[in-house]
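Good morning, and thank you for coming. Please look at the structure on the screen while I speak.

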Amino acid sequence: MDKLYPSRPHAAWGRTLSLGAILALMAALPGHAAISLSPAEAARIGKKIWQNECNGTVSGLTSWNSGENFASLGIGHFIWYQKGKRGPFEESFPPLVRFVSSQGAELPAVLQGEKAQHCPWRSRREFEQA
């Protein structure tokens, strides 16, 4: 699925700024008070995030935009480059895999060991076919 506006450095900066603003607001709470949400509230917020970040579609959770040399995965748009490739964005998918693994998550074979370090698809076309 092509995004209407592909990722660009300034777009990533805007997302970072928003996250920074949220963290600053949370830090300003008296005594760093915990936020309590009901399951229904958490589900409603999660759905809004999914609609905003992935157009509310399962196919929006994975993409490889035209003109880019990386896969973008999940609501967090975690970037995964091929071996030997880099770009203007920080690669974030391998660190995510390491984190979820350290938390005891069971990983599929494609994400175990050294395989998780590099995107297995060599092109957008190959990614879309998979």
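Let us begin with S92, which touches H77, F78 and I79 when residues up to four places away in sequence are not counted. Contact here means heavy atoms within 4.5 Å. S92 has its place in the loop between strand 3 and helix 3. Although S92 and F78 are 14 residues apart along the chain, their C-alpha atoms are separated by 5.1 Å. With I79 there is also a polar detail: a polar atom of the S92 side chain lies 3.0 Å from the backbone nitrogen of I79. For reference, a polar contact is a pair of N or O atoms within 3.5 Å; within protein, one must be able to donate a hydrogen and the other to accept it, and residues adjacent in sequence count only if both atoms are side-chain atoms.

Is S92 buried, partly exposed or exposed? At 22% relative accessibility, S92 counts as partly exposed. The cut-offs are these: buried means under 20% relative accessible area, exposed means over 50%, and partly exposed lies in between, with a 1.4 Å probe and protein chains only.

A word on the source. This is a predicted model, in which local features need pLDDT of at least 70 and side-chain atom pairs count only at pLDDT 80 or more, while totals for chains, interfaces and linings use all residues. Residues are numbered from 1 along each chain as its sequence is written, and side-chain values use heavy atoms, with hydrogens and water left out.

Now to the chain as a whole. What pattern does the chain follow along the sequence? The pattern is α-α-β-β-β-α-α, with 4 helices and 3 strands. Helices (H or I, at least four residues) and strands (E, at least two) are DSSP runs, numbered from the N terminus. Of the 130 residues in the chain, 20% are buried. Among contacts between residues at least 6 apart in sequence, 45% join residues at least 24 apart. The chain exposes about 9,100 Å², and carbon and sulfur atoms supply 60% of that area; the accessible areas come from the Shrake-Rupley method with a 1.4 Å probe, and for residues only the protein chains shown count as cover.

The largest nonpolar core has 11 residues, among them W64, W80, F93, V97, L111 and F127. Strand 2 (70-73) and helix 3 (93-102) each supply at least two residues of this core. The term refers to a set of buried Ala, Val, Leu, Ile, Met, Phe, Trp, Tyr and Cys residues joined through side-chain atoms within 4.5 Å. Which residues does L111 contact, leaving aside its neighbours within four places in sequence? They are W80, F93, V97 and A116.

Let us turn to the aromatic rings. The structure holds 6 aromatic pairs. Rings of Phe, Tyr and Trp (its six-membered ring) pair if their centres lie within 6.5 Å; planes under 30 degrees apart count as stacked, over 60 as edge-to-face and the rest as tilted. The rings of F70 and Y81 have centres 5.4 Å apart and planes at 70°, so this pair is edge-to-face. F70 in strand 2 and Y81 in strand 3 (residues 78-81) are 11 residues apart, and their pair links distant parts of the chain. F70 counts as buried at 2% relative accessibility, and Y81 counts as buried at 0%. In the pair of W80 and F93, the ring centres are 4.5 Å apart and the planes stand at 45°, so the pair is tilted. Here W80 belongs to strand 3 and F93 to helix 3, 13 residues apart. W80 is buried at 2% relative accessibility, and F93 is buried at 10%. Ring pairs also link W64, W80, F93, W121 and F127 into a cluster.

Finally, the charged side chains. Side chains of opposite charge can pair when their charged atoms come close. A salt bridge is a side-chain nitrogen of Lys or Arg within 4 Å of a carboxyl oxygen of Asp or Glu, and by this rule the count is 3. R86 and E91 form one of them, at 3.6 Å from N to O, and E91 counts as buried at 17% relative accessibility. R122 and E126 meet at 3.0 Å, N to O; R122 is exposed at 64%, whereas E126 is partly exposed at 22%. R124 and E128 meet at 3.3 Å, N to O. These two residues are 4 apart in helix 4 (residues 124-129), so about one helical turn separates R124 and E128.
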